[in-house]
Amino acid sequence: MASTNGAIGAMDPKNSGTKTLKMENTEKRDTLIEIEKRYQKKWQEARVFDANAPSTSEVPSGSMPAAELRKKHPKYFAAFAYPYMNGTLHAGHSFTISKVEFSAGFARMEGRRVLFPLGFHVTGMPIKACADKLIEDVRKFGPNFEKYEEDAGAALEAPAPTQAQTKEDITKFTSKKGKAAAKSIKMKYQFQIMLALGIPREEIHKFSDPEYWLKFFPPICKTDLNNFGARIDWRRSMLTTDANPYYDAFVRWQMNRLKELNKIQYGVRYTIYSPKDGQPCMDHDRTEGEGVAPQDYTALKLKVKEWAPKAAEKIQGKIPEGASVYFVPATLRPETMYGQTCCFVGPKINYGVFKVSEMEYYVVTKRAAWNMAFQGIFFKSDSFPRDASELPAVLELVGSDVVGTLVHAPLSIHKEGVRILPMESVLPTKGTGVVTSVPSDSPDDYATVMDLAKKAEYYGIKKEWAELEIPPIIQTPSYGNITAKYLVEKMKINSPKDAKQLAEAKDLAYKEGYYKGTMLIGDFKGEPVESAKPKVREALIKSGEAFEYAEPNGHVVSRSGDECVTAYLGQWFLNYGENDPQWRDTVMDHVKHDMETYASETQNGLEKNLDWLNRWACARTYGLGSKLPWDPKFLVESLSDSTIYHAYYTISHLLHSDIFGTRKGVLDIKSEQMIDEVWDYVFCRRELSEEVMQDCGISKADLEAMRREFEYWYPLDMNSSGKDLIPNHLTFFLYVHLALFPKEYWPRSIRANGHLLLNGDKMSKSTGNFLTLREAIEKYGADACRIALADAGDGVEDANFEETVANQIILRMYNLKEWCEEVIKDEKLRTGAADELWDQLFENEINSLVHEAKQHYSALDYKAALKSALYDLTLSRDFYREATAASAIPMHRSLIETYISIQALVLTPIAPHWADYIWTEVLHHTSTIQNALWPTVPAPNPSLTATRDYVRATSSAITSAEAAQQKRKEKGKNITFDPKKPKKLTIFYAAAYPAWQNDYIDIVRSSFDSLSLSFNEKELNTRVQAKGKAEMKRGMPFVQGLKRRLLNGEKGDVVFERKLPFGEGEVLGKMVRGLRRTTGCREVEVVKVEGEEGERVGVVVVGEGEGKERKGDRLPIVAGQATPGSPSFHFENVEG
């Protein structure tokens, strides 16, 4: 590993994003990073994150049910989709990881045993394909690529973009494409991609061996995550594939049991296929086209009756006399074939005449013929071609050559034949390039034949060719029996070039016809279209006038750079979907009723995918993987060996102590001893027998130890993943868990997150807006990255890692650290009773925020948890610091120590390095904060909470009013006082509520349910509205205030008796000194207002003339606006 470690160190830092934030003045960051490195080392040396189930010596095997064991010793097991080892982790990976990381940190503080393991995925094509490309690069350019000459044009040539998708078949669900569909690699050669990863040029040739990838990238991943501060139990790591014989045995067991359960079957079916690789190409085998699936068509055989002159001349002598030649359009609507009036070709498209047999030939595009070559048309399944040169056309024809050719159209009422006509919008990249025309039900076809008839001379055709009778085929309730004509005329479509309107019309016609239409013609006349469609298709195929055809519904490129086709071949597949409805329905029921998904988008995505997903090819012949036990020429594909690896985590450390399984683990067990029956016992599928122990040679104690780990840690509490894995990995994860494990061990939750934007834009190496996890940590430090990730958001929508936020966090955390270090040494801090109002408010707010943060952490709402645990808590400290300073009293030592302790504890899940430093080096605790429990504090006191809110609201209103006057003055407007001159502030508070509020008190009281803390909103609103609009204007805010107090926990008798939960005059008196300082007022006076309108009297309770009354002209109008809990105030200038 020495050379690997050297390469890690040599990875080029210049490859970091060119459009990311540039750092300056890094002294504070460097200080925090030094702290982080120190604590990471401590945690690793102390093996803080190693987690074990209660041993069989602590709790003997079989002495209590597993559920009781988990209840007695609470646990939390979470994981995220293990990363693929063909590169380093990027910031997007860290976003998904952070969800597990934060939840694991909080679960530890709840007193649970926490398991967060991580393995390394290497199964499938990506590594092998890249290694093979490097072999070719080395052959061309030498071991260090010294013979390569820069060709800017070639080097930057990008592959063709993913084809825009039009949903052709409305009966099929199409998942949103994942990240792979958006990627575009802009380098021609694999060695250029390796250079972009930061691999030194002289090291790259080593990656032509796939095994080298397996040794190189996992240590980097582990280092990066340790530098991130991840709470991972690395003892449980492993590599997939037969590179680890223990994991290989686990996968073979899994496949054997699924086959025995009839969940794996063999059959002939359509699948996306790479001719170059000679095997199916599923989602994780692709560089383009993730989510693309086969699209089934009915390929019609339109036999040539009479060639157009140009075509006849070219075909002369090229095919045998009497041979049948067919134009082959592909249709999604075989039920409409009764209405064919012509057949379209693209006049500028090149077509081939391809030989099916000595006496049968098809006219299609070369692309379509290449697809057909893998569907039993030109080649048998045991002799598929590898290169398109193996499928030459007998001759090529341009579309314009065949215009006017007469063909027989199966089922058409025009038995004498229909003509081949030109259509400019035919695509050579979709279907066969030949399009049959049914103008009764296709708006595109109707618009085109109308245009052809109008401009026959321009198109070089006979007008009558485009004017054949258009028969009614389908009756619809909305559009009659000639749907296309109705929609074209209604939508005022004037030309085949009105593409947008035609696309909308096509969608309307298809939906109306399919779901609501009734057949008017043919053998299935009178039947609904939905049931007639498959029958018509079957009849056409049975008669030999059509055949099945399929092609990818988008552009797919394999990892080896091959453009994929759809093949019809025998393969092993997992029987997901409609072919095993009981299995599907069991999974659906679990998703709907027993499993937490945290977001409706995740729930809906899983349910839709379960409705849509069908059989999945689970075996390959190329790449890395475990051999299929019963058919070893196949390898288990990458999405099928990664469904239940979470169960393997529970015992991996007992089996091996390195990721390759070359060194034994805690137990002295060989990989060959892990026979299928052992896995069955470990995973609670069977009980232990003497026969099993004899066959495997493993002691009973060791078998029980393995089973204990599984039955304790399972079920998986949370599986975290990006939302792009909902259509495959996360759905397969559920299917296989429910098939293989007892219900007690089925997954408890799935959490899916959106992709991570960087500075508001998609991460992209090509634009320079990109950060690897390593670069992010080196740039900002682990805790700043973790806080920025928590701040980025928690939903399924895409989140944003904002570098300016991460940079600001460095300063915030450094300053907070410095303040904690300094204040703890401050000898001026008060001691004794902490009974000042500001002490009480601060302590109460700390308690409140501890409870708030716990609630948010429990809900996995980390952005909100961060707000409570950091931003609001530091604001509370600031308020206390300022309030005590303004009151000329020191802060209280015990409260400051409590605050610092609480601040460290509640930030531990998100920022553990900073928290542990404060915990051990500032507060001098002897053990790591990673083992500390969540702080236990009293419930917040509603009275003190109300007091705090009152103080803040009153202070804010006063300072805002003063600022507003200054703005008016600056704009030259009239002002009631000059803020810059000596001034006096008088605060008025009401001794009692106004009489008009009595009715509203009664209304709220009668509608309030104290047990459920809820209101009868209908009754309440009706009675308030009955007061009239004028009354509502002042009454509704009062009602909302009462409701707010009740919902915040104040007792009903206090609220309805119209008693404030605090002494308002006393609180205002405590505020005077601070207000004098913040407003700069020469005098601050507090006046208690008593009596009703016209008889009000003010009594000075604080200030000059204390105890004196004021009334009449000496009591300003604003005094009457005060109500209990809502004071009014008055500024005036005084003589200096």
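**View 1. An open sheet of 5 strands with mixed pairing**. Two strands pair if DSSP finds at least two bridges between them. β34 (1109-1111) and β35 (1128-1133) are the edge strands, each with a single partner, so one side of each lacks a neighbour in the sheet. On average, neighbouring strands are turned by 30 degrees against each other, direction ignored.

Residues are numbered from 1 along each chain as its sequence is written. In this predicted model, local features need pLDDT of at least 70, side-chain atom pairs count only at pLDDT 80 or more, and totals for chains, interfaces and linings use all residues, while side-chain values use heavy atoms, with hydrogens and water left out.

**View 2. The pairing of β29 with β32**. Residues 983-990 (β29) and 1083-1090 (β32) pair in the parallel sense over 7 bridges. Phe988 stands opposite Val1087 in β32.

**View 3. Helices α33 and α38 on the strands**. Helix α33 (residues 942-970) lies across β29 and β35, at about 40 degrees to β35. Helix α38 (residues 1064-1079) lies across β29, β32 and β33 (1097-1102), at about 160 degrees to β29. Contact means heavy atoms within 4.5 Å; axes are lines fitted to C-alpha atoms, for helices over the stretch in contact, and angles run from 0 to 180 degrees between N-to-C directions.

**View 4. The crossing of α19 and α25**. The axes of α19 (residues 581-593) and α25 (residues 726-740) come within 10 Å and cross at roughly 105 degrees. That makes α19 roughly perpendicular to α25 (65 to 115 degrees). Residues of α19 in the contact include Trp583 and Val587, and those of α25 include Leu734 and Tyr735.

Technical notes
Helix = DSSP H or I, 4+ residues; strand = E, 2+ residues; numbered from the N terminus. Parallel < 35°, antiparallel > 145°, perpendicular 65-115°, else oblique.
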